[in-house]
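Good morning, and thank you for making the time.

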Amino acid sequence: MRAFLVRRLFLLVPTVLGVTLATFLMLHLTPGDPVTIMLGEFASAADVARLRVELGLDRPLPVQYVKFLARALRGDLGTSIRSRRPVAEEIAERLPPTMQLALAAEVLAVGVGIPAGVAAATARIPAVDSTVVAVTLVGLSMPTFWSGLLLILLFSLTLGWLPITESQGLRALILPAVTLAAPAAAVLARVTRASVLEVLRQDYVRTARAKGVVERVVIYRHALRNALIPVLTVAALQFAGLVAGAVIVESVFARPGLGRLAVTAILSRDFPLAQGIVLVVATMYVFVNVGVDVVYGILDPRIRYR
Amino acid sequence: MATVSDVPVPSSRAVRPSARRPLLRKLWRRPPVIAAMVMLVIFIILALAAPLFAPHDPTALIPGAVMRPPSWQYLFGTDELGRDVLSRVIHGARISLQIGVFTISIALALGTLVGITAGFYGGLVDGMLMAVMEVLLAFPQILLAMAIVAMLGPSLTNAMIAVGLSAVPVYARTARGTTLSVRSMDFVEAARAVGAGDGRILLRHVLPNMISPVVVLATAGVGIAILIAAGLSYLGLGAQPPTPEWGAMLSESRAYLRNAWWMATFPGLAITVVVVSLNLCGDWLRDLLDPRLRK
C-alpha cells in the first residue's frame, strides 16, 4: 500500500510541473506582444517598459520560468493588471463561493444520479428504464446557461418562490446548484445504470440468486457494492469539472466567484490574473484526480498491484 | 513502388459495409435515432440555406416591433432591438454548424496526426508527444478553452479555435491507443515485407483501421463542442453582438427575462434539440462500431 501511495504521489510531480509550464507559456505563446495587449495600443513607452520589467519579460525564458515556479510555490501569483492587487488575494476571496456551489452540486448529483441509475438498471417496469435514459439524455444535452435561465423564469419570476438577486445564503444556492448538478447527475445516472447492469450479469450474482437469496439482498448486498466503485470514481472526478462548470452558472445567476473573475480577467486581458486562476483550478483538478486514484486503490486492492 | 499496390494485403481495409448491413436494419427498431437523424438533416438544411428560410434579416431592426411576443407575424417573437428571433435562430443554426464542423476538423486532424505519429513511431517521439497531451488533459476542457481564448482574445473564430484545440488531447490519446493495436497486426508486417514505406503503411493500412473509434468520439464530440462554444459566447468570450449565435442570444436575453420569455426560450431550445440529436446518433454509432456492445 505504501509503495502504491509513494508511486502515485511521485507521478504527481511531472504533471504539476507540466501544468505550471503550460500556464507559464500562456503569456509567451500569445500572438503579438502581451504587454501591448494588456496596456492597450496608446500606452506610453515608459509604461510598457515598466510592465515588461515587472513581469520579468526582459529575462531569458528559462530564468523567467524558474522565478514563476519559485514564486508560485510560495503562493505568490503576481499582481493583477486591472486591480493592482495580488492575484492570490483575489482568488482566495472568490474561491469559497465557487467551492460552495460545486460542493452543493456534487451532493445533488450523487443524491439524484446514483439512485436514478440503480432504479433504471433494476426496474421491472421497462418504462422506468426508458424514462431515466431519456431524461439523462436531455440532462446531458441541455446547456447550463439555458436550464439556469429557465429555472429563474419558472421559480423566481413566475412562481416567485426563490430569489434571483440575493447571492448569500442557502436559498440563493438552490437554483445555481440544481443547474450545475443536472448534467453531472445525468452522467452519474448513466454510469451507474451501465455498471449495475454489468455486475448483474456476473457469476456471483447468478450464484446468489441460485442459492435463493432474496432479490432485494442480491441487488443491495451483492451487486450494488461492486457496481458503485467505478461510479464513485466518476463522481469524485466530476467535482473538479463542476468547479470549472461553475464559470457559466455563476454568470447566469450573477453570483460572485472564481468563474466570473476568470471572465473579467480574460475580457480585460489581465494575463497575471487569468494565469493565476488557470493554475489554481488545474492544480486542484490534478490533485483531485490523484486523490481519487488513491482512494480507489484503498477500495479495490486489485488496482494497487498493477 | 507501383507494383506494391498490386500485392493483395488481406484484411487491411476497414470492415466492409456489407458486414454492417444487419446492424443498419436494426436502425428501424430505434425510432428515436431516426427522429434524431431527421432533426439533424433539417438543422443542416436550415443552416445551409438560412437566408431562404429566415423571414427577416437576422440583424435588421424592424421599426415598431420591439419585444413582441410570439405571434403569426413573428413566430418566435422579436427581441429588445426589434429583430426577428426566428430569423436569428435560423441563422444561428448556420453558425453552430460552422462551429461543429470547424472545431471537430481541428480536433480530429491534429488529434489523429499526434496520436498516429506517437503510436506508430513509439519511443522518444511517443514519450514527448504524449507528455504534452497528458499535461493538457490535466485541464478541464472548458478551462483549457478559456485559457486559449485568454491568449488569442475574445471572438467567434478564436473561440472555435480554442474549442477545437482543447479537444485535441482526447482524440490524440484515443488515436494512439488504436494505432498501437493496429501497428502490430500481420497485415502491417506484410506490407512492410513487400517493401511499403512508412507513409504508405500509415495512410493505406494503419489509418483506415484505427480511425473508427476516433470517428465515434468525434460524433459525440460535435455536441460537446457546440455546447462549449455556445458557453464561451454566453460568457462574452466568443461570438460578439450582433452575431445571431445561440449562446450570445441567450446572454442578451438574460436582461429581459422578466418581460420577454421567448428571447430566452427559443435559442436554448435550438441548442438542446441539436445536441440531443447529436448525442442520440453518437450513442447509436458507438453501439454499431463497438463489437463488445453487440448482442
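Let me begin with one helix of chain A: the buried residues of α11(A) are Leu258(A), Gly259(A), Arg260(A), Leu261(A), Ala262(A), Val263(A), Ala265(A) and Ile266(A). Helices are DSSP runs of H or I with at least four residues, strands are runs of E with at least two, and both are numbered from the N terminus.

Before going further, a word on what we are looking at. This is a predicted model, in which local features need pLDDT of at least 70 and side-chain atom pairs count only at pLDDT 80 or more, while totals for chains, interfaces and linings use all residues. Residues are numbered from 1 along each chain as its sequence is written, and chains are lettered from A and ligands numbered from 1 in the order in which they are written.

Back to our helix, then. Why do we call α11 of chain A largely enclosed by the rest of the structure? Because eight of the 10 residues in this helix, which covers residues 258-267, are buried. The cover over those buried residues includes α5 (87-122), α10 (215-252) and α12 (271-299) of chain A, together with α6 of chain B. Just after α11(A), Arg269(A) takes a positive phi of about 55 degrees, and in the loop between α10 and α11 of chain A we find Ala254(A), whose phi is also positive, near 50 degrees, although this residue is not a glycine. Ala254(A) counts as exposed, because it has 12 C-beta neighbours inside 10 Å.

Another positive phi belongs to Arg84(A), at about 60 degrees, again in a residue that is not a glycine. Arg84(A) sits in the loop between α4 (61-73) and α5 of chain A, and with 7 C-beta neighbours inside 10 Å it counts as exposed.

Chain A has 13 helices and zero strands, and its C-alpha trace spans about 85 × 60 × 30 Å along the principal axes. Of its 306 residues, 40% count as buried. Chain B has 11 helices and zero strands, and buried residues make up 48% of its 295 residues.

Which residues touch the most other members of the largest nonpolar core? Of the 174 residues in that core, they are Leu188(A) and Ile277(A). Leu188(A) lies in helix α8 (residues 171-200) of chain A and is buried, with 27 other C-beta atoms within 10 Å. Leaving aside residues up to four places away in sequence, Leu188(A) touches several residues, among them Ala109(A), Val110(A), Val231(A) and Val234(A); touching, or contact, requires C-beta atoms, placed from the backbone, within 7 Å.

Next, the place where the chains meet. In total, 37 residues of chain B are in contact with 37 residues of chain A. On the chain B side, the elements giving two or more residues are α5 (123-137), α6 (141-152), α9 (198-234), α10 (246-253) and α11 (261-289), and the largest share, nine residues, comes from α11(B). By class, that side has 27 nonpolar, seven polar and three charged residues, where Ala, Val, Leu, Ile, Met, Phe, Trp, Tyr, Cys and Pro count as nonpolar, Asp, Glu, Lys and Arg as charged, and the others, Gly among them, as polar.

One residue of α11 in chain B deserves a look, namely Ile271(B), which is buried with 26 C-beta neighbours inside 10 Å. Not counting residues up to four places away in sequence, Ile271(B) touches Pro143(A) and Trp146(A) from chain A, and Ile226(B), Ala230(B) and Trp246(B) from chain B. Elsewhere in chain B, the peptide bond from Pro241(B) to Pro242(B) is cis, with omega near 5 degrees, and Pro242(B) lies in the loop between α9 and α10.

Finally, confidence. The pLDDT is the predictor's confidence in each residue, from 0 to 100; its mean over chain B is 83, and 89% of the residues there reach 70 or more. Over residues 1-18 of chain B, however, the pLDDT is below 50. Where pLDDT is low, the predicted coordinates should not be read in detail. The model scores ipTM 0.85 and pTM 0.85.

Conventions:
Two residues are in contact if their C-beta atoms, placed from the backbone, lie within 7 Å. A residue is buried if 20 or more other C-beta atoms lie within 10 Å of its own, exposed if 12 or fewer, and partly exposed in between; C-beta atoms are placed from the backbone. A nonpolar core is a set of buried Ala, Val, Leu, Ile, Met, Phe, Trp, Tyr and Cys residues joined through C-beta atoms within 7 Å.
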